[in-house]
Amino acid sequence: MAARCSRWVRLSVWTGTRPPSARRTLAPGFHQQFSTQTTPQICVVGSGPAGFYTAQHLLKHHTQAQVDIYEKQFVPFGLVRFGVAPDHPENVINTFTQTARSERCAFRGNVVVGRDVTVPELREAYHAVVLSYGAEDHRALGIPGEELPGVCSARAFVGWYNGLPENQELAPDLSCDTAVILGQGNVALDVARILLTPPEHLEKTDITEAALGVLRQSQVKTVWIVGRRGPLQVAFTIKELREMIQLPGTRPILDPADFLGLQDKIKEVPRPRKRLTELLLRTAVEKLGAEEAARQASASRAWGLRFFRSPQQVLPSPDGQRVAGIRLAVTRLEGVGEATRAVPTGETEDLPCGLVLSSVGYKSRPIDPSVPFDPKLGVIPNTEGRVVDAPGLYCSGWVKTGPTGVIATTMTDSFLTSQALLQDLKAGLLPAGPRPGYTAIQALLSSRGIQPISFSDWEKLDAEEASRGRDSGKPREKLVDSQEMLRLLGH
């Protein structure tokens, strides 16, 4: 999440193409020449990294553009605030704040596009609309027992400890001694690290006080991180792995048998993958030095990687009231390189646990019936950020590519979408003549009883969070109650 956000998983990206002629089709009311006297009114939906980087690029490369950023939450910054682990603070918020303070940029929080205002209404008010609302859902496991108490998505768990208001009712039960995380990406390692980090090491981060209180009472001693494939296919990065290996009070559990023959295979892989696998290999098979052996011997908690295992069923307790374990199908690998896939061998094994966290990927949701959406890939079909068959409508970030890459990847992708929009503007492919922009939307929202939150409103909330954090030596104590935020703003 190089900077990164919630450590993102790989998915296929929509790669459909359409002929150049289709790309340049004009909708009714579109004219070939965009007047240099007209201020381009551009709307961005979503205030996470994709939204802010898109806005930043537009403002930098068009000196007249007015950009409004709509956000359903009361507060900005998306996964930078709600997805990045509290012990991994990001500094990109400073950059985004500079963008939001521009006189040609405005933040409109507490506006749910698709409910409070429709995409067609935005398209009518603005010259262009960019959808950058991310991947706010999780991929279901699709196995029996998934609905049992004690099973939740890693996404919801991350939202819970990071203060996302919609996840504050999660109340995870950490009274068990063993937790299982399904998935082997950076999010999985984040969750494992938060579960096993001594609470006193989290006290000076911006983790919520409520989450810290639950973690202080946690009985979890062992965390298994389970993946369908092998050591060569893990999706986490070396930085996160190194942190886990060095985590105070814990020891790693790796089965040397999982690494047989790997030394020869890693000679041909790219250098980052090679370094990562070599670290796994050393951790699994090398004899420990006296100091490290003593440290691990005194560790009261442990984490382990289970390879070649695919979830088959969540096992209930005898009374059927909560999770008691998970049945895993043993797998083997078929294919080579990126095409390597896990296939079941027919064997299974049961792993006792009291908590199952699913970290098998994020996915986007459709935002409005008028916007095309590929439910299989979880993206808006697009060509270079131009939404298919919708002139003047664009997308950037995860809703464009699928949830893949790090913050720097999202930055590059968002800049490309912005470039496409500006090219279309220059070529006269966007509506000519003035558009009302926020003036029209403000009237609609007012008539519907919606009171948007401005960036100056956010800065008041930000100051309150920082003030509360200072009292306990934290960078901030996040506000998690929407009604309290409204009271503080006098709304």
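Helix H2 is mostly covered, with 10 of its 13 residues buried; buried means under 20% relative accessible area, exposed means over 50%, and partly exposed is in between, using a 1.4 Å probe and protein chains only. Before going on, some ground rules. This is a predicted model, in which local features need pLDDT of at least 70 and side-chain atom pairs count only at pLDDT 80 or more, while totals for chains, interfaces and linings use all residues. Residues are numbered from 1 along each chain as its sequence is written, and side-chain values use heavy atoms, with hydrogens and water left out.

Back to H2. Helices (H or I, at least four residues) and strands (E, at least two) are DSSP runs, numbered from the N terminus. Among the buried residues of H2 are Pro49, Phe52, Tyr53, His57 and Leu59. From first C-alpha to last, H2 reaches 18 Å, close to the 18 Å expected at 1.5 Å a residue; the expected span is 1.5 Å times one less than the number of residues.

Next, the second largest pocket. A pocket, on a 1 Å grid over the protein atoms alone, is an open set of points where a 1.4 Å probe fits, with protein on both sides within 12 Å along at least five of seven lines; lining residues have an atom within 4 Å of a point. The volume here is about 670 Å³, counted as the space filled by probe spheres set on the points, which are joined across faces, edges and corners. Which residues lie nearest the centre of this pocket? They are Glu71, Tyr133, Gly134, Ala135 and Glu136, out of 38 lining residues. Helices H2 (49-61), H3 (79-82) and H6 (154-161) each give two or more residues to the lining, and the largest share, 3 residues, comes from H6. By type, the lining divides into 20 nonpolar, 12 polar and 6 charged residues. Nonpolar here covers Ala, Val, Leu, Ile, Met, Phe, Trp, Tyr, Cys and Pro; charged covers Asp, Glu, Lys and Arg; the others, Gly among them, are polar.

Now the cores. A nonpolar core is a set of buried Ala, Val, Leu, Ile, Met, Phe, Trp, Tyr and Cys residues joined through side-chain atoms within 4.5 Å. The largest has 54 residues, and Tyr161, Val191, Val223 and Ile225 have the most contacts inside it. Helix H7 (residues 186-196) supplies the largest share of this core, 8 residues. Apart from it lies another core of 37 residues, including Phe455 and Met485.

Lys474 sits in the loop between helix H16 (455-470) and helix H17 (482-489). Is Lys474 buried or exposed? Lys474 counts as buried because its relative accessibility is 5%. Contact means heavy atoms within 4.5 Å; leaving aside neighbours within four places in sequence, Lys474 has contacts that include Glu203, Asp206 and Glu209.

Arg123 lies in helix H5 (residues 119-125) and, at 27% relative accessibility, counts as partly exposed. Arg123 and Ile42 are 81 residues apart in sequence, yet 9.3 Å apart in space, C-alpha to C-alpha.

Last, two backbone angles. Most residues other than glycine have a negative phi. Ala171 has a positive phi, near 45°, and Asp389 has a positive phi, near 60°. Ala171 is in the loop between H6 and strand S7 (178-182) and counts as exposed at 59%. Asp389 is in the loop between strands S17 (386-387) and S18 (393-395), and is exposed at 66%.
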